[in-house]
Amino acid sequence: TLASEGHLREKLGEMQHRGLAGVTVDYTAVSKVNPGTDSLLYRGYPVQELAATQPFEAVALLLWNGELPDATELAAFEEHERAHRDLDPAVKAAIDLLPLDAHPMDVVRTAVSVLGASAPAVEVADNSSAADLAKAKLLFAKIPAMVAYDQRRRRGQELVEPRADLDYSSNFLYMTFGELPEEVVRRAFTVSMILYAEHSFNASTFTARVITSTTSDLYSAVVGAIGALKGALHGGANEAVMHIFDEIGDAANVGPWLDDALATKRKIMGFGHRVYKRGDSRVPKMKAALDTLVAHYDATDLAALYDALEADFVSRKGIHPNLDYPSGPAYHLIGFDTLTFTPLFVAARVTGWTAHILEQTASNALIRPLSAYNGVDERHIDGYVPDS
Ligand code: ACO
């Protein structure tokens, strides 16, 4: 017999905390999400201000170190990043072994794992803050090459070597498309990277912290976080938004499509949030960046579909867009394959993940919650006689 449901509900306080909803599990000084005002601060700075004024490289240093860099610190980090952005031969060989239809999230997860397994074991095991910060900076520099090369190989194109005279965003786009991005594109891409960089104890960051709490290594924690980010309820939603746009096809089809989707209880990807209930603070900045891309690419049909779906869904359900809603179409216009969208999120969020890994290690407590058992009652093997 199963333990009674009533007993279980009592134990979990009517199950109101399933999925850890509403549960505060630890302190963090990395970012502050304020659902009351729908605002997000990285180390105290509103994310909108950072997106409007900073290069992504400076935001990465802010997340790791707690302060924005001065010009000398930023220049030193840029030089380091530019010197480490090539695709390692072992990583390229591992990617080349994978089928062309492997999901790009599986590819980047595998590539990060190979990078970690190729490093000297003592370095991997060293979880001092200096060693982990060095690994964080290495991953920041290396992930773009993995993502860019994977998109290219799926298109039958050769690897593009990085260019050390370009900033992070220009080089990422150059390695993906083989040509220099126009400024409007580079700017929109940088805004997306900054907005995706960090978001407190979301599922992938919490995964990274759980793995770190066992004193496992930084690469393992990032690999686990990539696995958590892949799901459509988390990072996979930016990809799912484009699939929905493809399904709907045209702004005129939004009404009947939504009738059908809601009748069959489908989740509309790119809408809703576990924390923000009145709107995601990152959306206005990303929507403004999307608008510049719509003008640049003259993508009025896509913009009409975007607006029609948002207006209709918000009026019916009062559920607002999250960051994935404007970022998916933005990445589409820039020319990324839909399947590459979530790996772009990885390239950005590796900053937040690693800032949390550093914080978890600096003040560690093993993360090991309890569960309420609802399986069969205790029973015994027939004929078993316990030792006396
Ligand atoms: N489409 C349709 N209905 C929705 C949606 C949605 N996108 N989001 C929430 N709802 C409804 C639910 O069906 C539920 O209704 P009910 O009470 O009648 O059953 C109610 O709103 C509450 O939703 P939950 O899923 O219980 O709320 P939760 O806090 O767990 O959900 C989540 C948050 C998972 C993000 C949800 O809104 C969702 O699935 N959205 C679509 C996926 C998505 O866009 N994810 C991206 C997250 S943000 C990011 O990673 C950048």
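In strand β2, Leu41 is the bridge partner of Lys32. This is a predicted model: local features need pLDDT of at least 70, side-chain atom pairs count only at pLDDT 80 or more, and totals for chains, interfaces and linings use all residues. Residues are numbered from 1 along each chain as its sequence is written. Helices (H or I, at least four residues) and strands (E, at least two) are DSSP runs, numbered from the N terminus.

**The sheet**

- β1 (residues 31–34) pairs with β2 (residues 39–42) over four bridges, in the antiparallel sense. Strands count as paired if DSSP finds at least two bridges between them.
- The open sheet has three strands in the order β1-β2-β3, with antiparallel pairing.
- β1 and β3 (45–46) stand at the edges with a single partner strand each, so one side of each has no neighbour in the sheet.

**Helix α17**

- In α17 (residues 324–334), 10 of the 11 residues are buried, so the helix is largely enclosed by the rest of the structure. Buried means 20 or more other C-beta atoms within 10 Å of a residue's own, with C-beta atoms placed from the backbone.
- The buried residues include Asp324, Tyr325, His332 and Ile334.
- These buried residues pack against α10 (183–196), α13 (237–248), α15 (283–297), α16 (300–317) and α18 (341–362).
- Gly335 follows α17 and has a positive phi, near 115°.

Technical notes: A residue is buried if 20 or more other C-beta atoms lie within 10 Å of its own, exposed if 12 or fewer, and partly exposed in between; C-beta atoms are placed from the backbone. Two residues are in contact if their C-beta atoms, placed from the backbone, lie within 7 Å.
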